[in-house]
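Good morning, colleagues. Please look at the sequence and the structure first.

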Amino acid sequence: MITEVRIANLGVIAESVLEPHRGLTVLTGETGAGKTMIVSSLGMLLGERTDSGRVRGGTDRAVVEGRFDLSGLSSELLQAVADAGGEPDGDELLISRQVSAAGRSRAFVGGSQTNLQTLQQISSELITIHGQSGQIELGRSSRQREILDSFAGPELLQLRTQYHDHFVAHRDALAELAQLQADAQARAREADLLRFGIAEIDQVAPEPGEDSALRAEAARLTDIDDLRIAAQQATRALAGDDEDPGSGALAALTAADTSLRQLAGSDAAAAELVDRISELLVGAQDLTGEVSRYADSLSADPQRLAAVMDRTAALTSLTRKYGVDIDAVLAWRTDSAQALERLDGSEDRIAELQAVIAQTEPVVDRLAADLTAARREAAERIAGQVGPELAALAMPHAQLTFSVTPAERGPWGADRIELLLAANPGQAPQPLAKAASGGELSRIRLALEAVLTDAGIGTGGTVVFDEVDAGVGGAVGLEIGRRLSAMAATSQVIVVTHLAQVAAFADRHFVIAKSSDGQVTTSGLVEVTDAEREAELARMMAGLSETGTARAHARELLAEAGQG
């Protein structure tokens, strides 16, 4: 529901605020006062194209802001707002649109700038405009289906839900099966490649980190002579050689130990030095033994070197194909084994899908046939009930029918639902959008709403009627007013009208007033009540608001509408 619309610099409107009633709000005014701009402003919020010519002269941009009560918004719509980056403003949602004098357009939803497509997606769920121009929502096939199905009642809606669930399951199974069958050869090739790779790896049977260990061992075996010479040189440097035992580090440390012990015998302060030289001597002795044992272990092993090189070559053949090292090769094998298991399971999945399709196909067909039968029965009933309503709205010869014909099976049935109108006797029924004028479309919507209201079905949201009373007057205007008032019990209704008979039913009445300083013409919105409202209704009926007779007629009209 709209709680407020602010309009700035749009056509003749410099700045105006509309605060519509929750029920029926009417907008009236003299010709040329700017009533069309009010509807145009709402069209801007719907994302309709607006040229720069609508921008008020002497200003740089036109701005329209609409505030909507959050209590009337669905969770799906609020999620769409969040997806667009918008946030509610307290307990309201703010939607705005700007059009510059240069022709640039900007849209905002919940304070976040968005594109027109997103604006249209969100605002079209909030506002519906019926009239000479704008969004003719009743002309959409999907809306016609919703009207018929809603009228048919909860049993049909439940049947439609069952059909939809089975149809989606059947459709998804068909799509998955087709994909699996189309990819059968590719899956077979992939499975063969995976099996070959897994078998090649298993034949070599590598161990984690084995390639790194073999490279280190190969380097050791290849450099064995150089390693032995270096170890022997280290041993001689530590222990000396047979010809000169005193030339090694051990002999020097032993001599130093002897000297320091003599020193400590004469000076107690040198005792710490004895402890330290002793540690060095013991460490040097241990190191000498380890180096000697290492040197003894270094012996050439050509057979082991050959075996290491052969094993390294086998591992290298794997790392060239399956990974940068053996650990990566083993990871590839694990992943490939899992992928192969999934591929081998495709045949089982195909069998499962074929069973699902065989099971759901007859169910979908049966539910589609039941849905068609229920819709045709509802189409006959609604046509019989809407006829008298159209007659009361100055369309006495009009025949409105819901055509239910076979169509390709879809998510909502196997029916093509089309609202057809034969406006005059002898005319062949034609699609509603082609056969009806804007005013007739509005009255047809009113007739349908009256029938739906009688059936206890409310549409909700905000509905805007522009020129709903075009070409009618008198008693027909009263009938239109009554139906708008009834519709306002379940929807917020905003009506631009020139008939007092319609305006008399309003819960809130605004007049678009025009003023001029001789150079610039400006229009604004003024709410009228009591005597001012009587005067406006008198003007609409007779053009004379100050005569006693006109005022009396206005009071009678308000009493007739239940507003007196």
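Strand β10, residues 413–422, is joined to β11 by two bridges, and these strands run antiparallel. Two bridges are what the criterion requires, since strands pair if DSSP finds at least two bridges between them. Within β11, Gln430 is the bridge partner of Leu421. Helices (H or I, at least four residues) and strands (E, at least two) are DSSP runs, numbered from the N terminus.

This is a predicted model, in which local features need pLDDT of at least 70 and side-chain atom pairs count only at pLDDT 80 or more, while totals for chains, interfaces and linings use all residues. Residues are numbered from 1 along each chain as its sequence is written, and side-chain values use heavy atoms, with hydrogens and water left out.

The open sheet consists of three strands in the order β9-β10-β11, with antiparallel pairing. Its edge strands, each pairing on one side only, are β9 (399–410) and β11 (430–431). Helix α5, residues 154–182, packs on the sheet and touches β9 and β10; contact here means heavy atoms within 4.5 Å. The direction of α5 makes about 30° with that of β9. Helix α13, residues 346–392, lies across β9 and β10 and runs at about 170° to β9. For these angles, axes are lines fitted to C-alpha atoms, for helices over the stretch in contact, and angles run from 0 to 180 degrees between N-to-C directions.

I turn now to helix α12.

The buried residues of α12 are Ile326, Val329, Ser336, Ala339, Leu340 and Leu343. Buried means under 20% relative accessible area, exposed over 50%, and partly exposed in between, with a 1.4 Å probe and protein chains only. Seen down the axis, the buried residues of α12 fall within an arc of 130°, so they line one face of the helix; the arc is that of the directions from the helix axis to the C-beta atoms. The face turned away from that buried side carries the exposed residues Glu341 and Arg342. Among the elements covering the buried residues are α6 (184–204), α7 (210–222), α11 (302–322) and α13.

Finally, Leu315 lies in helix α11 and is buried, with a relative accessible area of 2%. Its contacts include Leu214 and Ile326.

Technical notes
Lists of a residue's contacts leave out its neighbours within four places in sequence.
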